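Have a look at the model first, then read on.

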Amino acid sequence: MATVPVSDSEFDAEVRQADTPVIVDFWAEWCGPCKQIGPALEELSDEYAGKVKIVKINVDENPEQAAALGVRGIPALFMFKDGEVVSNRMGAAPKAALKSWIDESV
């Protein structure tokens, strides 16, 4: 399962009301580190299919949720469980580090 693009208007339905944990990747097209972790997130989305959903929000096109969560730099990853933030991390990281973070948070 590939990552899912989500807009501000879809956020509650796709993230807060999800049955499984959700990782939200706040990113932008111009962000180099965001592009670095993109392929790792796609792979992790396949590996965790059915257990964890990974969604992406372009902060240039959808600034509301990023502002509401206090995102000041990207990439910013937020783990939601039962509609609430349970963990977050900022900046790029290798796939192994992202996988460890997911395993610790889920």
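A word on the record before using it: UniProt positions are given here in the numbering used for this chain, and its annotations may be inferred rather than shown by experiment. Keep in mind, too, that this is a predicted model.

**The annotated cysteines**

For "active site", an unreviewed UniProt entry lists Cys31 and Cys34. Where do they sit? Cysteine 31 is in the loop between E2 and helix H2 (32-47), while cysteine 34 is in helix H2. Buried or exposed? Cysteine 31 has 4% relative accessibility, so it counts as buried. Cysteine 34, at 4% relative accessibility, counts as buried as well.

As for neighbours, leaving out residues up to four places away in sequence, cysteine 31 touches Ile74 and Pro75. With that same exclusion, cysteine 34 touches Phe26, Trp27, Ala28, Ile74 and Pro75.

**A buried aspartate and its lysine**

Aspartate 25 belongs to strand E2. With 0% relative accessibility, aspartate 25 counts as buried, because the cut-off for that is under 20%. Its side chain makes a polar contact of 2.8 Å with the side chain of lysine 56. Lysine 56 also lies over the face of tryptophan 27, at 5.3 Å from the ring centre. Setting aside residues up to four places away in sequence, the residues that aspartate 25 touches include Ile37, Leu41, Val55, Ile57 and Pro75.

**The aromatic pairs**

How many aromatic pairs are there? The count comes to 2. Here they are:

| Pair | Ring centres apart | Angle between planes | Geometry |
|---|---|---|---|
| phenylalanine 11 and phenylalanine 80 | 5.6 Å | 80° | edge-to-face |
| phenylalanine 26 and phenylalanine 78 | 5.6 Å | 85° | edge-to-face |

Why edge-to-face for phenylalanine 11 and phenylalanine 80? Their planes are at 80°, and over 60 degrees counts as edge-to-face, so the pair gets that label. Phenylalanine 11 lies in helix H1 (residues 11-16) and phenylalanine 80 in strand E4 (residues 76-81), so this pair ties together parts that are 69 residues apart in sequence. Phenylalanine 11 is at 0% relative accessibility and counts as buried; phenylalanine 80, at 1%, counts as buried too.

For phenylalanine 26 and phenylalanine 78, the planes are at 85°, so this pair is edge-to-face. It links distant parts of the chain, with phenylalanine 26 in strand E2 (residues 22-27) and phenylalanine 78 in strand E4, 52 residues apart. Both phenylalanine 26 and phenylalanine 78 are buried.

Methods: Residues are numbered from 1 along each chain as its sequence is written. This is a predicted model: local features need pLDDT of at least 70, side-chain atom pairs count only at pLDDT 80 or more; totals for chains, interfaces and linings use all residues. Side-chain values use heavy atoms; hydrogens and water are left out. Rings of Phe, Tyr and Trp (its six-membered ring) pair if their centres lie within 6.5 Å; planes under 30 degrees apart count as stacked, over 60 as edge-to-face and the rest as tilted. Helices (H or I, at least four residues) and strands (E, at least two) are DSSP runs, numbered from the N terminus. Buried means under 20% relative accessible area, exposed over 50%, partly exposed in between (1.4 Å probe, protein chains only). A charge sits over a ring if NZ of Lys or CZ of Arg is within 6 Å of the ring centre and within 35 degrees of the ring normal. A polar contact is a pair of N or O atoms within 3.5 Å; within protein, one must be able to donate a hydrogen and the other to accept it, and residues adjacent in sequence count only if both atoms are side-chain atoms. Contact means heavy atoms within 4.5 Å.
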